[in-house]
Structures are given as structure tokens and as C-alpha cells.
Amino acid sequence: MPNDSIQLHLSDADATDALGAALAAARANAAQAGVLIVHLHGDLGAGKSTLARALLRALGVQGAIRSPTYTLVERYPLSDGGEAWHLDLYRIGDAGELEFLGLDGGEASLWLIEWPERGLGWLPAPDLRIDLAQDGAGRQARLNALSEGGRAWLVALADATGTREVATDS
């Protein structure tokens with residue numbers, strides 16, 4: 001599979017919200033692949049939770065969207081009938097702690113995982129890896145497809161947004 005990626009500059013929080021909404025709109029094309037796993041990477045304050053919240057809101061989540069910093073996982077029903085799991089693994093000391101969260105994945109159609117490197121060996125492989133980094137007053141976002149579902153998602157995102165910053169390595 002080609003290694004597809006999109007790199008974007010997000011000038012402010014509104015641009016991060018817009019990326020979340022665009023990812024939600026493009027998800028339908030990738031959802032045919034089944035469960036989609038997103039690993040969110042970046043330092044504290046890079047915008048991982050902001051992007052996850054915007055994506056969930058655009059997928060129809062109503063009410064408060066809490067950060068799972070202390071609960072480790074928050075579950076949200078989606079308007080399409082699926083369920084999203086938002087995990088924040090920053091506070092776990094050992095990946096084995098995930099065994100007690102009941103993450104069998106049976107109900108989840110979308111996983112959004114912050115600090116996934118802390119759960120190595122216990123998490124499913126990602127379809128999409130998103131790296132966020134501070135860049136002056138804004139952020140840099142790099143989205144990498146790591147499966148056919150992730151690739152379909154990025155292609156749909158590029159088509160919907162007119163993004164031409166897609167790099168494909170054959």
C-alpha cells in the first residue's frame with residue numbers, strides 16, 4: 001500500500017476545529033473498512049484533545065465531550081449508530097493497565113487514542129496517525145494513512161477539502 005500523508009498548517013483553534021469537521025465528513029468513505037483507529041501524537045498542548053473534540057462533535061456527539069485524562073476512556077454514541085472511544089493514556093504507568101479497561105473493541109466503530117505509545121502491545125494498530133506540533137501561534141498537523149481504511153479516509157479528506165498537500169510514495 002502506498003504511504004499517503006497530508007501535512008497542514010493550522011493557524012488557530014478554528015482551523016483545528018475545521019480539520020476535525022472535515023475528518024468527520026470524510027470518514028464515511030473510510031468507514032466501509034469497519035472499525036477505524038486513530039493514534040494522536042504530540043506534546044502537551046499540541047491540540048490532540050481539541051482535534052478529537054471537534055471530530056466527535058462533527059460526528060453528532062451531543063452534550064459535554066470530556067477529556068479522558070483521568071477516566072482514561074470516554075465512550076460516545078455517534079449519530080450513525082456507531083460508538084466512538086476516546087482514550088487518553090498520558091497517566092498510565094504501564095501498558096498492562098489497559099487490560100482492566102475492557103477494551104475489547106466490540107462496540108467501537110472509531111477509536112481516538114491520545115498518547116498511544118504508552119499502550120504499545122495492548123492497542124490495535126492505527127489506520128490513521130495524526131502528529132500535531134506547535135508552530136508559532138498555530139500548529140502543524142501531519143496525517144499518515146497506515147491501512148487501506150486510513151488511505152480511503154485521507155483520499156476523501158483531500159477530495160473534500162481540495163487539499164493538494166498529499167504525498168504518495170509508491
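Mentor: Let's start with a definition: buried means under 20% relative accessible area, exposed means over 50%, and partly exposed is in between. Keep in mind that this is a predicted model.

Trainee: Okay, so is R151 buried or exposed, or something in between?

Mentor: R151 has 28% relative accessibility, so it counts as partly exposed. D4, with a relative accessible area of 2%, is buried.

Trainee: Which kind of link do the side chains of R151 and D4 meet in?

Mentor: Here's the general idea: side chains of opposite charge can pair when their charged atoms come close. In this case R151 and D4 meet in a salt bridge, at 2.7 Å from N to O. R151 sits in helix α3 and D4 in strand β1, so the pair ties together parts that are 147 residues apart in sequence.

Trainee: How many salt bridges are there by this rule?

Mentor: The count is four. Among them is D80 with R27, whose closest N and O atoms are 2.9 Å apart. D80 lies in the loop between β3 and β4, and R27 in helix α1, so this pair ties together parts 53 residues apart in sequence. R27 is buried, at 5%.

Trainee: At what angle do helix α1 and helix α2 pack?

Mentor: About 45°, with their axes 7 Å apart. That angle makes α1 oblique to α2. By class, their contact has eight nonpolar, three polar and one charged residues. The crossing of the two helices is right-handed.

Trainee: And which residues of α2 meet α1?

Mentor: T50, L51, A54, L55 and A58. On the α1 side, the residues include T16, D17 and L19.

Definitions and conventions. Residues are numbered from 1 along each chain as its sequence is written. This is a predicted model: local features need pLDDT of at least 70, side-chain atom pairs count only at pLDDT 80 or more; totals for chains, interfaces and linings use all residues. Side-chain values use heavy atoms; hydrogens and water are left out. Axes are lines fitted to C-alpha atoms, for helices over the stretch in contact, and angles run from 0 to 180 degrees between N-to-C directions. Helices (H or I, at least four residues) and strands (E, at least two) are DSSP runs, numbered from the N terminus. Angles under 35 degrees count as roughly parallel, over 145 as roughly antiparallel, 65 to 115 as roughly perpendicular and the rest as oblique. A crossing is left-handed if the near helix is turned anticlockwise from the far one by less than a right angle, and right-handed if clockwise. Contact means heavy atoms within 4.5 Å. Ala, Val, Leu, Ile, Met, Phe, Trp, Tyr, Cys and Pro count as nonpolar, Asp, Glu, Lys and Arg as charged, and the others, Gly among them, as polar. Buried means under 20% relative accessible area, exposed over 50%, partly exposed in between (1.4 Å probe, protein chains only).
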